[in-house]
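Biologist: I have just opened this one and would like to go through it piece by piece. Please keep to what the model itself shows.

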Amino acid sequence: DVAVVLTGIVRAEPDAGGYSASIPALPGCHTQGETLDEVRANLREAAEGWLAVAHDDALARGAAEESA
């Protein structure tokens with residue numbers, strides 16, 4: 001495990017209700033929630049998923065380069 005500190009942006013969504021959030025350093029990492037606690041938890045989960053996929057993609061590229 002590696003500790004990573006990322007900045008998230010949380011926005012109130014008065015028209016729709018609840019909150020939306022994103023992490024600018026992780027393109028496409030967005031989520032929403034009804035409460036601040038929910039949107040924070042959802043954003044953490046989204047970031048963990050984003051980073052896991054990026055890690056798996058990097059491993060797959062490395063394996064493909066080794067076999068070429």
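**Strands, helix and loops**

Biologist: How many bridges join S1 to strand S2, and in which sense do they run?

Modeller: S1 and strand S2, which covers residues 19–22, run antiparallel and are joined by 4 bridges; helices (H or I, at least four residues) and strands (E, at least two) are DSSP runs, numbered from the N terminus, and two strands pair if DSSP finds at least two bridges between them. Please bear in mind that this is a predicted model, in which local features need pLDDT of at least 70 and side-chain atom pairs count only at pLDDT 80 or more, while totals for chains, interfaces and linings use all residues. Residues are numbered from 1 along each chain as its sequence is written, and side-chain values use heavy atoms, with hydrogens and water left out.

Biologist: What about the hairpin of S1 and S2, how many residues lie between the strands?

Modeller: That hairpin has 6 residues between the strands, and within the hairpin Gly-17 takes a positive phi near 90°.

Biologist: Which residues of S3 are on its covered face, and which on its uncovered one?

Modeller: Thr-31 and Gly-33 make up the covered face of S3, whereas His-30 and Gln-32 make up the uncovered one. In a regular strand the side chains alternate between the two faces of the sheet.

Biologist: Switching to the helix, is Val-39 buried or exposed?

Modeller: Val-39, which is found in helix H1, counts as buried because its relative accessibility is 0%; buried means under 20% relative accessible area, exposed over 50%, and partly exposed in between, with a 1.4 Å probe and protein chains only.

Biologist: What is Val-39 in contact with, leaving aside its neighbours within four places in sequence?

Modeller: With those neighbours left aside, Val-39 is in contact with Val-10, Tyr-19, Ser-20, Ala-21, Thr-31, Gln-32 and Gly-33, where contact means heavy atoms within 4.5 Å. Its C-alpha atom is separated by 9.8 Å from that of Ser-22, which is 17 residues away along the chain.

Biologist: Back to Arg-11 for a moment: what does Arg-11 touch?

Modeller: Not counting residues up to four places away in sequence, Arg-11 touches Gly-18, Tyr-19, Ser-20 and Ser-22. Arg-11 lies in strand S1 and is partly exposed, because its relative accessible area is 36%. The C-alpha atoms of Arg-11 and Ala-25, 14 residues apart along the chain, are separated by 17 Å.

Biologist: And where is the place of Pro-27?

Modeller: Pro-27 sits in the loop between S2 and S3 and, at 60% relative accessibility, counts as exposed. Pro-27 and Trp-50 are 23 residues apart in sequence, with a C-alpha to C-alpha separation of 9.0 Å in space.

Biologist: Last one, where does Val-2 lie?

Modeller: Val-2 lies in the segment before S1 and is exposed, since its relative accessible area is 73%. Although Val-2 and Ala-12 are 10 residues apart along the chain, their C-alpha atoms are separated by 30 Å.
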